[in-house]
Amino acid sequence: MSQAAQMQLSIDWDRSAGVRDPLFFGYFLEHFHRQVYGGVYDPGSPLAGDNGFRGDVLDAVRRLRPAVIRWPGGCFASGYHWRHGVGPDRVPSYDKAWRVEEPNTFGTDEFIEFCRLTGAEPYLCANAGTGTAEEMSDWVEYCNLNGRSRFARLRQENGHARPHQVRLWGIGNENYGWWEIGARDSSEWGRFVREAAKMMRRVDDRVVLSAAAFIDLDRDLDLLVDWGLSLLRTAAPQIDLLAIHGYAVLTEGAGYLESVGRIGFAETRIRRAERLLELLGPDQRIRIAFDEWNPRGWHFPGFDGRQRPDISEWDRNDDNSAYTMADAILHASFLNTCLRHCASVAMTCLSPVVNTRGPIFTHGGGIVLRPTYHVCDLYTSLLAPEVLDAHARIPVFTAAGQDAAGPVTLPRADTVATVDRASGRLAVAVCNLHPDQPLDCVIWVPGRALAGPGQVTTLTGATPSSFNDVGHPDDVRPTAAPVPADGDTCRIRLGPHSVSIVELHTSPAN
Ligand code: AHR
């Protein structure tokens with residue numbers, strides 16, 4: 001083997017970073033663009049069943065084993081009245097978030113069915129923009145009560161005799177933002193959350209509640225502290241999860257280096273949220289729901305409400321060539337970061353699950369699985385539940401990409417180590433960020449023997465800008481190969497611009 005840059009990873013068997021929460025690998029679905037209509041729900045399409053759901057989409061989502069799906073938005077949620085979307089007579093309403101007509105044919109009962117068909121737990125985001133605490137708690141009645149409640153009876157009349165038993169509820173979406181319908185001041189927010197939570201828990205005290213929290217570091221620091229603290233001071237006893245959001249690359253058309261250069265974005269946001277929570281003292285129990293995130297931002301001119309929307313512009317989000325190996329690497333490194341913080345991060349929701357900049361793209365004749373789909377699939381199926389501390393010696397590289405403003409210096413790799421202690425199976429995720437150089441990776445676990453052969457599953461494409469599309473759906477796809485381990489060390493060469501999962505077996509060293 002000729003010389004390549006080398007990374008050394010020493011995994012500490014005795015230091016656990018935590019066990020990933022069952023809610024960890026989640027998704028998001030919003031009434032926006034073609035996510036719901038023309039995405040998961042397409043009555044009349046030859047690919048849809050009698051229930052209106054696209055069979056190919058259901059299969060692809062189910063294969064990801066989604067822990068949760070958050071719905072109905074997003075900004076859409078801040079103007080959404082759930083009663084418009086239940087019952088036999090659905091009347092369209094004007095969606096003031098995205099300035100389009102919402103047919104309301106996909107509502108609560110359809111979403112619950114979608115979750116049932118895909119195996120996900122529903123996570124409903126209640127309207128804290130134009131909605132009230134009462135409306136939120138009425139929705140809990142509709143979903144969770146059984147008898148002696150006006151809204152439980154309504155659900156039964158709508159053909160759902162048994163409660164939907166929705167455990168996960170979100171109070172609000174980005175209510176701190178000037179862009180959000182019914183945006184609130186920091187002083188109002190804590191009180192609103194506390195009262196909404198109180199009413200929702202009066203209906204069902206088993207609910208798990210999140211509240212929208214401002215954590216965007218690229219914005220005003222005072223606002224950030226002010227928002228976080230006033231929410232926690234007033235409502236901490238009532239909430240279980242702090243809901244934060246983040247989109248890594250906001251520049252449209254950003255190329256490989258500019259994109260992978262954003263691998264640190266989640267770390268900063270999570271640390272900020274952790275520090276806010278630490279202010280509550282050592283016994284605090286609130287965890288973080290990173291319940292909207294994506295490697296890439298989205299294209300929607302007129303989002304600030306000043307322009308008329310040009311709906312055809314939304315389709316720019318559906319250009320598959322925009323979602324490349326850079327997205328796969330950013331995606332993997334986001335999950336690595338959240339896993340390293342799994343003691344505090346309970347949930348992540350990739351935004352969205354279908355279309356816009358999601359991992360699944362639908363078209364009239366089928367679907368395309370974008371590179372990020374394979375990352376979701378590999379992480380859910382191959383990583384083990386417990387995260388171990390690891391000491392990584394990772395070289396850096398400097399490159400001047402045509403897309404970057406100047407030369408950038410980046411780490412060669414990003415990694416996380418996981419284990420299933422019962423079987424001794426170790427699963428290590430490693431991204432090689434370099435656009436065209438391989439990386440040698442040396443892995444060992446002091447005090448443990450490594451038994452081979454293991455397996456490495458690698459996701460890559462011919463170039464850093466490889467992508468999948470109709471006509472070439474497999475340009476980026478995972479392949480598996482055996483990996484030797486010679487007793488205490490595993491040495492493996494990882495190709496450029498790649499995401500790999502290395503699986504090995506460990507046992508106590510003699
Ligand atoms: O996904 C589009 C929007 O991005 C969501 O509605 C909002 O929550 C975020 O700002």
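Residues are numbered from 1 along each chain as its sequence is written. Because the model is predicted, local features need pLDDT of at least 70 and side-chain atom pairs pLDDT 80 or more, while totals for chains, interfaces and linings use all residues; side-chain values use heavy atoms, without hydrogens and water.

Colleague: How many aromatic pairs does a search of the whole structure find?
Modeller: Rings of Phe, Tyr and Trp (its six-membered ring) pair if their centres lie within 6.5 Å; planes under 30 degrees apart are stacked, over 60 edge-to-face, and the rest tilted. By that rule, the count for the whole structure is 34.

Colleague: Which geometry do the rings of Tyr41 and Phe53 have, stacked or edge-to-face?
Modeller: Both residues sit in the loop between β2 (25-28) and α1 (55-63), twelve residues apart; helices (H or I, at least four residues) and strands (E, at least two) are DSSP runs numbered from the N terminus. The ring centres are 5.5 Å apart and the planes are at 65°, so the pair is edge-to-face.

Colleague: Is Phe53 buried or exposed?
Modeller: Buried means under 20% relative accessible area, exposed over 50%, and partly exposed in between (1.4 Å probe, protein chains only). Tyr41 has 10% and is buried. Phe53 is at 3%, so Phe53 too counts as buried.

Colleague: How many residues apart in sequence are the parts that Tyr41 and Phe106 tie together?
Modeller: The ring centres of Tyr41 and Phe106 lie 5.2 Å apart with planes at 65°, so this pair is edge-to-face. Both residues are buried. Tyr41 is in the loop between β2 and α1 and Phe106 in the loop between β5 (100-102) and α2 (108-118), so the separation in residues is 65.

Colleague: How far from the ring centre of Trp13 is the charged end of Arg448?
Modeller: A charge sits over a ring if NZ of Lys or CZ of Arg is within 6 Å of the ring centre and within 35 degrees of the ring normal. The charged end of Arg421 sits over the Trp13 ring at 4.9 Å from its centre. For Arg448, also placed over the ring of Trp13, the distance is 3.7 Å.

Colleague: Which element gives the largest share of the lining of the largest pocket?
Modeller: The lining has 46 residues, with Tyr247, Val249, Leu250, Gly297 and Trp298 nearest the pocket centre. Two or more residues each come from β9 (241-249), β10 (287-296) and α9 (325-340). The largest share is four residues, from β9.

Colleague: Which residues does the face of α4 turned away from its buried side carry?
Modeller: Helix α4 (residues 150-157) has Phe151, Ala152, Leu154 and Arg155 as its buried residues. Seen down the axis, these fall within an arc of 155° (taken from the directions from the helix axis to the C-beta atoms), so they line one face. The face turned away carries exposed Arg150 and Glu157.

Colleague: How far apart in space are the C-alpha atoms of Ala390 and Arg271?
Modeller: Ala390 belongs to strand β14 (residues 386-393) and is partly exposed at 39% relative accessibility. Ala390 and Arg271 are 119 residues apart in sequence, and their C-alpha separation is 19 Å.

Methods:
On a 1 Å grid over the protein atoms alone, a cavity is a set of points where a 1.4 Å probe fits but cannot get out, and a pocket is an open set with protein on both sides within 12 Å along at least five of seven lines; lining residues have an atom within 4 Å of a point.
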